Amino acid sequence: QLEESGGGLVQVGGSLTLSCAASGRTFSSYLIGWFRQAPGQEREFVAAISWYGGITYYADSVKGRFTVFRDNAKNTFLQMNDLKPEDTAVYYCALGPGIVEHRTADYDYWGQGTQVTVSS
């Protein structure tokens, strides 16, 4: 259902754009969320966007640096600028009702994740 791509190794201050491709039926009432999980830490919310792109949400830690957007197909992107070492994590996209957009339990489908490593 969901497949992430675009992760990699980047230096501090650099940029990466992650992609999330959705397959299957249309989820017009759902949110697409981005979460991340660093080793030994809980999975945390990063950003979310409504299926038609009109509403976005961001964690305070990424506001002003990350941008979530969608194209006309079933693809969602996370543009990450000014990356910091603390952004290092496996990044997951997720799809679900998102009643509470930052809550992992509100998402039904998850991708396998893509590693982002920010080196100093």
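Q: Cys93 in this predicted model: buried or exposed?
A: Buried. Its relative accessibility is 0%, and the cut-off for buried is under 20%.

Q: And Cys20, buried or exposed?
A: Cys20 counts as buried too, because its relative accessibility is 1%, where the limit is under 20%.

Q: What do Cys20 and Cys93 form?
A: A disulfide. Their sulfur atoms lie 2.1 Å apart.

Q: How many disulfides turn up in the whole structure?
A: A search of the whole structure gives 1.

Q: Which parts of the chain does the pair link?
A: Distant ones. Cys20 sits in strand S3 and Cys93 in strand S9, residues 89–96. The two cysteines are 73 residues apart.

Q: What about the hand of the Cys20 and Cys93 link?
A: Right-handed, with 65° about the S-S bond.

Q: Switching to the sheet. Which strand order does the open sheet have?
A: The order is S1-S3-S8-S7. That makes 4 strands, with antiparallel pairing.

Q: Which strands are at the edges?
A: S1, residues 2–5, and S7, residues 66–70. Each of these edge strands pairs on one side only.

Q: What does the twist average from one strand to the next?
A: It averages 15°.

Q: Back to S3. How many bridges does S3 have with S1?
A: S1 and S3 pair over 4 bridges, in the antiparallel sense. S3 covers residues 16–22.

Q: Which residue in S3 is the bridge partner of Ser5?
A: Ser19. Strand S3 also holds Cys20, one of the two disulfide cysteines.

Notes. Residues numbered from 1 in each chain as written. Predicted model: local features only at pLDDT ≥ 70, side-chain atom pairs only at ≥ 80, totals over all residues. Heavy atoms only, no water. Pairing = 2+ DSSP bridges. Axes fitted to C-alpha atoms, helices over the stretch in contact; angles between N-to-C directions. Disulfide = S-S within 2.5 Å. Buried < 20%, exposed > 50% of the residue type's maximum accessible area, 1.4 Å probe, protein only.
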